[in-house]
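The structure I consulted is shown below.

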Amino acid sequence: MLEVSGLSVDYILDRGNVRAVDDVSFTAGRGEFLGIVGESGCGKSTLLFAVAQLLAPPATVAAGTVTFEGTNLVGLTDEQLSAMRWRDMSLVMQSAMNALNPVKTIGAQFKDAMRAHGKFTGEEITARSAEVLKMVGIDPVHLRSYPFQLSGGMRQRSMIAMAMLFTPDLVIMDEPTSALDVVAQRSLMVQIKELQQAFGFAVIFVTHDMSLISHFSDRLLVMYAGQVAELGVTKEVFDRPLHPYTQGLLEAFPSIRGPRVPLKGIPGNPPDLSHVPSGCRFRPRCSYAIEKCAELEPDLYPMDGALVRCLRREDGSLAS
Amino acid sequence: MAMPVSGVPATEARAAHAPAAHGLARIGRAVRRNRKATVGGVLLLIFILIALFPGVIAHDSPTQDAYPPQLGVSTAHLLGTNHYGQDLFAQLVYGTRNVLIIAFVVGLATTTIAVLIGVAAAYLGGLADSSLNVVTDVLLVIPIFPLLIVIAAYAQGGTTLVLIAAITVTSWSYTARQLRSQALTLRRRDFLEAARVRGERPLYIILVELIPTMTSLLVAAFLTNALYAVLFASSLQFIGLGDPNTVSWGTTLYWAQNNAALQTGEPLWAIAPGACIAVLGTAFALLNYAFDEIGNPALRPVRKVRRKKGDEPRAGK
Amino acid sequence: MTDELPRADLLRTEHVRRYFKIGNTLSRRTLHAVDDVSFAIGEREIVALAGESGSGKSTIARMLAQVYRPTSGEVYFEGKPLSSMTSRRDRLRYSALVPMVFQDPFSSINPVFRVQHGVLRCLKLHRPSLSAAQRLEEAGRVFEVVGLNPDMLQRFPYELSGGQRQRVGFAQALAMRPKLILADEPVSMLDVSIRIGLLNLMAKLRDEEGVSILYITHDIASARYVADRLIVMYAGHIAETGPIEDVLTHPRHPYTQLLLSAVPDPRAPLSVAAETDRGEPPRVIDPAPGCLFRWRCPLAIDTCAQVTPVLAELRPGHDAACHVAQNSPEEVKAFT
C-alpha cells in the first residue's frame, strides 16, 4: 500500500547540501505496524515528513519515490495532495501541545479538520467528532474543552482521534508518546494497537525508544546516520540483532528484571551528516569493524528474511 | 519530559545555537553573508568616513558664505549654493559628524539605561520589577515629541548636548519595556538557575550571564534608537530648537525652511538634507533587519530550491 | 521514620512540605506539591527518587538546593538544619557541598561563554585559595574524571554533544568537592545509547570520589541500574522506599506495582495491568484526607478514603504508605 523507494532528502544549506536521508526504501502493507527507530539526528523525523510530503525548505526530496496506493506522492501539488490528506493518510505529531491550537476547543479543531477535507453538515461533524473521541476513550463532553484543560495523555489521545476522523488507510506517528509518563505511554500504545486491529489501518511509528516499540510493531526499521541499518520482523530483530548498531542499542537498555549487569552503551557519537566517515558510517563506533569497513560502503544485504547494511554480515565473517 | 533534539541535521542545530557574542569576527561574517546587512553596513561606513574626514571630501568650508548665492549644480559646487552663498555639499558633508555623534551617543546611552533597568526588572521580579515598571511606564506614556520640545525650549537654545540628553531621557523607556519582555522569556533558562544555585549574586547573573546572551537584541535596540535619534534631532533642529549655528542636516533644513527654499527655486537646499536623513535612516533600518535575521535563524530568507533540468528523481535500489 | 542503617545521615528531611498558592491574589487555594516527606541520604550512596511528572520530585530537589524554602518541616545537612543557614558564607558553603546537575543539556550551559566558564566560576566562588593557574589545572582534572578531554575546556557549548554537555554539568559539580550531588533527570533528554555512559559516570563518582547522588528520574530501569535505594513518589507523598532490589522484586505499594508493570522491557513479555489504567496522577489542590491513589487502586478499602496513609516499615529498611499493605501479613498484588 505504501512503497518508499530510494528516498533521499537533502537540506540545501549555504555551505553545501547535507543529505539527511540517504536512499531509504521500505514498504508498509495494509494493517501493518511498522516501527522506525533511531537516535537524534538519524533522519527519522525528516524521513517521516518526506513521506507525508510536509518537507519545508531548505529540506527537499532529492531522489526516490513515495508510492501510496499506486500514486507517486513526490512532485504532486498541494491541491492533489489535499484530496488524499487526512482521508487516506493522516499524521500524529510529536507534541500535542505544539500541534493543538491552544485558543480553540477540541471540537472546533475537529470541525476545522473535517471542513478542510469535505462537505459535512454541523450534525455530521458533531456526531463524528464524538464518535472518534469515544474511540480513544475520552468523554465527548471534552469537545468543549481547551487543550490546556486536558492532561498530557488526553491531549495525545485527542490528536489520535483527530487522525481517525476519516478512518484513513495509513496513520503516520512521530513520537507521539515521548512527552508522556510511563503509565500513560503504555496505555496509549495499547489504545493505538486496539484501534488498528479494529479498523485495519497501517501505522508507521517513529520513535527513539526501542523497548517501547518492541511489543507493538510487526516490523522494525533501524535508522543510522540517514540510512537504513537494519529492517526485519520485530521479534527477530530483538532476538537476533544483525547489525552491530542494533546490537549496541539493545544492550544500552538497563533491564528491570534479571541480573544487574554493567552495560557499555555505544561509544562515540553519531556522525555529522555533512562529513560522513568513509566506508561504513557506523565504523568509528563499531567493535567489529575491520579494514575494509573503512573503504567500502555497505549496501543493504538480505539475510535470514531481514535486510542489514553490514559488510561483515555480507561476507559471513561475523558470526551470529 | 522533553525530547532529544532530532529531525534537523546535527550541524544545522549546532549552527542555530551558535552564540552571538563570541567575536566581532562572527558578526563580520554574518554581515557579509546577509545582503541587507551588507548594503546597510556599506552605507553606514560611507557616512562614518564622511564624518571622520569631511575635509577630504568637501573642499569648501560649510559656513563661509564665499560664493555667489543660488548657484545651480556644477562640478565646483556639487549641490549648488544656498541663499547665503554657502556651498551646500560642504554643509551636508560637515553636518554628517553632528548627526552621527547624536545617533551613536543617544543609541548607546538609551540602550545602556534600557538594559540596566529593563533586564534588572525582569530578573529581580517582585517589588523591584513593579517599581521600575512604574517609572518606565510613566515615561513611556508621555508623548515624546512634545516633551522634547518643552525640554529643548526650556534649555534655552539646544546645544548638541542638550539634544542628546533630551532624546535619551524620552526614548529609553520603550526599549526598556522591550528588553524586559525579552529578558522575562530568558529568565527561566537553566543556566541562569545553575548560576544561582552555585551561589552567584543577582547583579553578577544579570550582567555576566544574562545580558551577554541578549547581544543581538541589544544591537537591534541600539540601531533602532540611533535611527530615531537622527529623526528626532533633525526634527528639533528643523523647528529651530537646535542651535541654528551648528552645522547639521536638521539646521540646514531649518535655514532652508526659513528662506522658503522650495518656493524660491532652491529646491536642493531642502531636499538634499532630507535625502541624507532618509538614506542614513535606511542604513540603520537595513542593519536592524539583518541583525534580527542573524539573531533568529527562523527569520532568515529561505532560498528557493532550484531543480536543475535533468534532475528527475531516480528510482533507487 | 527511623533510619535503621548504621551510617551517619548526610542529608535528612523531616516532614517537609511545600505548598504553592495558586490562582489570583484573592484565591486561597494551595497546591500541595510536596506533602509530609521524610527520607535520608547517607554517604557514598545513590538514592533514586522516582515518580511521574507532578509527583513532587523536582520540587524536592529545588528545596534541597535552597531554591525554595519548605512551607513546613526541616531539612538537615550533616546534622545542621538548613533554616539556620542564613549568612552568605553558610549558604555558599552549602551550595558547594550540595550542587545540582540539570536536565536539559541544551539550556543548562551558557551558550555565550566557553565551556570552562562554569567550572572556573565554581572554583573561584568556592575554592578562593586557588590561584588562576591552579583553577585551570583543577578544571582539567575534573574534566578528566568525568571522561572529557581537558582540551574541551576551550570549546563552546554548541560544539559539544548532549552527552558531553551533561558531563560538563557533572564536572562543575565535582569542582566544588561536593558531598551530595542533586541530579535532576540528568539523562532524560539524552539518546538511549548515551545514557549508559552517564549512568556509569554516576556510579564511578560514588565509588571513586565518594560522592552521594540523589538521582531524580521517571525511568525506573535506569534507577535500578545505578541506585542503591529507591524512593517512589506519588502526588507529593512518598509511596514506598527501600533498597532498590527489594522494592523492585517485592513492591508493596500498588502504585509501585503499577509503575513496574508499565515499564517497557523488550526482554519481558507484555504485561496487562497498565493497559487498563487510564488514570493520571492528580493535581493536589487542597486535598481531603485519604490516600491519593485510591481512585486508581483496585485494592482500595474504606480507610483509604478517610485516613492519609503514612510510611511504615514492612520489611527491614523497606517502607510503604498503604493501609492495605500494612495490614496484610503477606504481599498484596494490586497489579501484576
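This is a predicted model: local features need pLDDT of at least 70, side-chain atom pairs count only at pLDDT 80 or more; totals for chains, interfaces and linings use all residues.

Entry 1, chain A against chain C. I looked up the contact and found that it takes 35 residues from chain A and 33 residues from chain C; two residues are in contact if their C-beta atoms, placed from the backbone, lie within 7 Å. I then listed the elements that give two or more residues to the side of chain A that touches chain C: α7 (182-199), α8 (210-213) and α10 (244-251) of chain A. Helices here are DSSP runs of H or I with at least four residues, strands are runs of E with at least two, and both are numbered from the N terminus. The largest share of this side, 6 residues, comes from α7(A). By class, I recorded 15 nonpolar, 14 polar and 6 charged residues on the side of chain A that touches chain C. Nonpolar covers Ala, Val, Leu, Ile, Met, Phe, Trp, Tyr, Cys and Pro; charged covers Asp, Glu, Lys and Arg; the others, Gly among them, count as polar.

Residues are numbered from 1 along each chain as its sequence is written, and chains are lettered from A and ligands numbered from 1 in the order in which they are written.

Which residues of α10(A) are buried? I noted A:Pro244, A:Tyr245, A:Thr246, A:Gly248 and A:Leu249, where buried requires 20 or more other C-beta atoms within 10 Å of the residue's own, with C-beta atoms placed from the backbone. Their cover includes α8, β9 (219-224), β10 (227-233) and α9 (234-239) of chain A, together with α6 (192-209) of chain C.

An automatic or database domain assignment divides chain A into domain 1 (1-88 + 168-253 + 269-277) and domain 2 (98-165). The contact takes 12 residues from domain 1 and 14 residues from domain 2. On the domain 1 side, α7(A) gives the most, with 5 residues. That side divides into 9 nonpolar, 1 polar and 2 charged residues.

Entry 5, strands of chain C. I found 5 bridges joining β1 (residues 9-21) to the antiparallel β4 (residues 72-77); pairing requires at least two DSSP bridges between the strands. C:Glu14 stands opposite C:Glu74 in β4(C). β4(C) also pairs with β5 (residues 80-81) of chain C, in the antiparallel sense, over 2 bridges. The bridge partner of C:Phe77 in β5(C) is C:Lys80. The hairpin of β4(C) and β5(C) has 2 residues between the strands, and C:Glu78 takes a positive phi near 50° there.

Terms used: A residue is buried if 20 or more other C-beta atoms lie within 10 Å of its own, exposed if 12 or fewer, and partly exposed in between; C-beta atoms are placed from the backbone.
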